[in-house]
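Hello,

Here is the structure I promised to pass on to you. Have a look at it first, and then read my notes below.

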Amino acid sequence: MTTPQMHFVIPTYRLRDVGETVEAYDENFSRCGQSAPITIFDDSSIANHQKYYDTLEATRTQNEVWYVGPAEKEQFLGYICRRLKDRKLDMLVRNLFRPSYGGNRNFTLMYTLGDLMVSADDDMRPYALIEDSPEALGENEVSRGKLIPRGANGHSRKSYDILASFRDVLGRTVAEAPANYDQGELLVDSAMDLESNTSLGFCRDNALALQPGTLPRGGIIKMAQTFRTGTNDIDAVDYVDMFLDDPEEIDAERLNDTYVMVNFRPCLTNVNWRMDCGVAGYDNTTGLPPFFPTRLRFEDYIYRLWIQQSGFVAAHVDSAQTHIKNSYMRNPLAAEVFNEAICGLLKRKFRSTLRKTDEWGIAFDYDGAVSLEDSQQILDDARSLHARVLAAMDHARHEDRKMALGQFAAGLSRTFYDFEPDFFQQNVSRIVDDEVGLIRASLEIWPTLLEIVYFKRHTRSLPMRRVRNKTRTPRNAKVAA
């Protein structure tokens with residue numbers, strides 16, 4: 001058997017800005033003595049591709065940079081559809097890979113099939129914000145962090161060997177993992193509810209604690225992730241709380257605080273409810289389940305369910321990265337609140353009806369029905385949040401602040417269909433039914449697509465193009481006389 005290659009991928013829909021991400025990670029790899037091909041998977045429209053592709057070619061890197069954009073994706077989909085030889089399946093295949101959070105990531109799985117993959121979102125950076133005077137972790141703690149005001153001192157940037165930290169564990173057994181890794185059943189976040197995977201309320205400090213559990217020595221580490229600073233993995237409602245808690249803030253879309261890591265240490269777990277696909281790596285040597293092909297932001301939830309099966313293990317590696325939360329082409333905060341409400345409903349339904357997990361997917365019994373109780377609970381929570389925003393507006397001391405709160409309250413009302421129960425229930429039912437139907441069909445066809453691509457993949461002929469950028473000169477390179 002050949003040794004799996006490691007690929008570094010960046011799924012993006014912001015081609016304008018992705019060049020900065022490419023250069024940052026290329027510099028980290030080179031400085032740490034690492035190398036890996038960097039592949040951009042671009043969900044841009046053809047118009048934006050034509051407008052911004054030159055900015056990618058203007059980058060300077062030492063590692064090869066490859067690109068899979070609109071043209072390459074269309075060639076790939078055409079090949080798959082021809083191999084299936086059933087025109088009725090064309091739309092299903094295209095929906096599985098449609099421009100969306102999960103659709104773009106499914107391209108990364110196909111293009112790295114048979115190898116190892118490390119993925120970073122386009123607004124991640126290969127350094128961490130670490131407190132200058134780190135505190136010792138408590139018993140069973142594996143990390144602790146806190147939110148500090150934007151621009152505050154007391155922390156520094158610290159870089160880690162990102163690729164090496166993933167190479168230490170991906171595809172290895174528990175017995176082969178480095179000795180400094182703690183082991184347990186799962187991680188519990190002091191600021192999150194494990195059952196619903198939602199925030200317990202806005203907290204400025206949080207810790208991850210390792211719950212006891214025994215790992216099989218032969219268990220394979222199929223997925224791993226770094227720790228994250230810049231922003232914590234919190235709900236959109238927590239960002240609303242940050243906006244409401246700052247009496248001087250007049251922009252609900254702006255991140256008011258920065259998440260800094262106090263300390264962390266690596267660990268292995270049987271289950272991973274804190275999965276963060278923005279900074280994750282995967283053992284894709286034998287294929288993996290598809291990400292949910294959804295326009296909602298819960299594409300990685302399938303991995304939180306899938307990793308629970310016997311023989312598979314997850315890792316939090318010995319490094320951390322930073323999320324800079326790029327606001328370009330990002331949905332408004334009110335839309336994110338709505339998105340997470342629907343995602344929360346789907347997560348609960350999938351988890352409570354989970355019937356089976358296997359090598360390439362999961363099976364659940366939820367049929368997509370939304371009861372009146374389901375929609376009413378979401379609507380009650382949204383009304384309560386809306387009332388808090390209006391109360392804050394009544395107490396605002398400045399006209400700019402009052403106007404900003406009023407605009408956000410109006411945005412919430414529009415997003416939640418003006419809180420009209422029947423209209424809301426009808427639209428949520430339609431959204432959920434569409435999502436569940438697509439996810440079910442995608443899970444059924446995925447193993448067939450893996451089989452088609454596996455043999456094609458190893459001919460090195462999947463559609464992609466080499467980015468004709470310039471070679472970066474290493475910092476310590478000697479200049480010829």
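First, some ground rules. This is a predicted model, in which local features need pLDDT of at least 70 and side-chain atom pairs count only at pLDDT 80 or more, while totals for chains, interfaces and linings use all residues. Residues are numbered from 1 along each chain as its sequence is written, and side-chain values use heavy atoms, with hydrogens and water left out.

**Cavities**

Rolling a probe the size of a water molecule over the atoms shows where empty space is left. A cavity here is a set of points, on a 1 Å grid over the protein atoms alone, where a 1.4 Å probe fits but cannot get out; lining residues have an atom within 4 Å of a point. Grid points are joined across faces, edges and corners, and the volume is the space filled by probe spheres set on the points.

How many cavities of 30 Å³ or more does the structure hold? There are four. The largest cavity has a volume of about 180 Å³. It is lined by 15 residues, and the closest to its centre are Leu208, Phe227, Arg228, Asn232 and Asp233. Strands β14 (205–211), β15 (220–229) and β16 (257–264) each give at least two residues to this lining, with β15 supplying the largest share, four residues. (Strands are DSSP runs of E, at least two residues, and helices are runs of H or I, at least four, numbered from the N terminus.) By type, the lining of the largest cavity splits into four nonpolar, six polar and five charged residues.

Of its 13 lining residues, Leu147, Ala191, Cys203, Asn232 and Ile234 are the closest to its centre. The lining of the second largest cavity holds six nonpolar, four polar and three charged residues.

**Salt bridges**

Side chains of opposite charge can pair when their charged atoms come close. With a salt bridge taken as a side-chain nitrogen of Lys or Arg within 4 Å of a carboxyl oxygen of Asp or Glu, the count comes to 30.

One of them pairs Glu141 with Arg144, with the closest N and O atoms 2.6 Å apart. Are these two buried or exposed? Buried means under 20% relative accessible area, exposed over 50%, and partly exposed in between (1.4 Å probe, protein chains only). Glu141 is buried at 16%, and Arg144 is buried at 18%.

Another salt bridge joins Arg204 and Asp257 (2.9 Å, N to O). This pair links distant parts of the chain, 53 residues apart: Arg204 is in the loop between β13 (198–199) and β14, and Asp257 is in strand β16. Arg204 is partly exposed, at 34%, whereas Asp257 is buried, at 9%.

Asp283 and Lys222 also meet in a salt bridge (3.4 Å, N to O). Asp283 in strand β18 (residues 280–283) and Lys222 in strand β15 are 61 residues apart. Asp283 is buried, with a relative accessible area of 4%, and Lys222 is buried, with 4%. Elsewhere, salt bridges that share partners join Arg14, Asp122 and Asp123 into one network.

Strands count as paired if DSSP finds at least two bridges between them. Three bridges join β18 to the antiparallel strand β5 (residues 116–119), where Leu116 has Asp283 as its bridge partner. Three bridges also join β15 to β18, again antiparallel, and Gln225 has Ala280 as its partner in β18.

Helix α7 (residues 236–245) has eight of its 10 residues buried, among them Tyr239, Met242 and Phe243. The cover over these buried residues includes β13, β16, α9, α10 (372–394) and α11 (399–415).

Ile324 sits in the loop between β19 (312–323) and α9 (333–352) and is partly exposed, at 39%. Beyond its neighbours within four places in sequence, Ile324 is in contact (heavy atoms within 4.5 Å) with Asp123, Arg125 and Tyr127.

Best wishes

Technical notes: 1 Å grid on protein atoms, 1.4 Å probe; cavity = no way out; pocket = protein on both sides within 12 Å on 5 of 7 lines; lining within 4 Å. Nonpolar A, V, L, I, M, F, W, Y, C, P; charged D, E, K, R; others polar.
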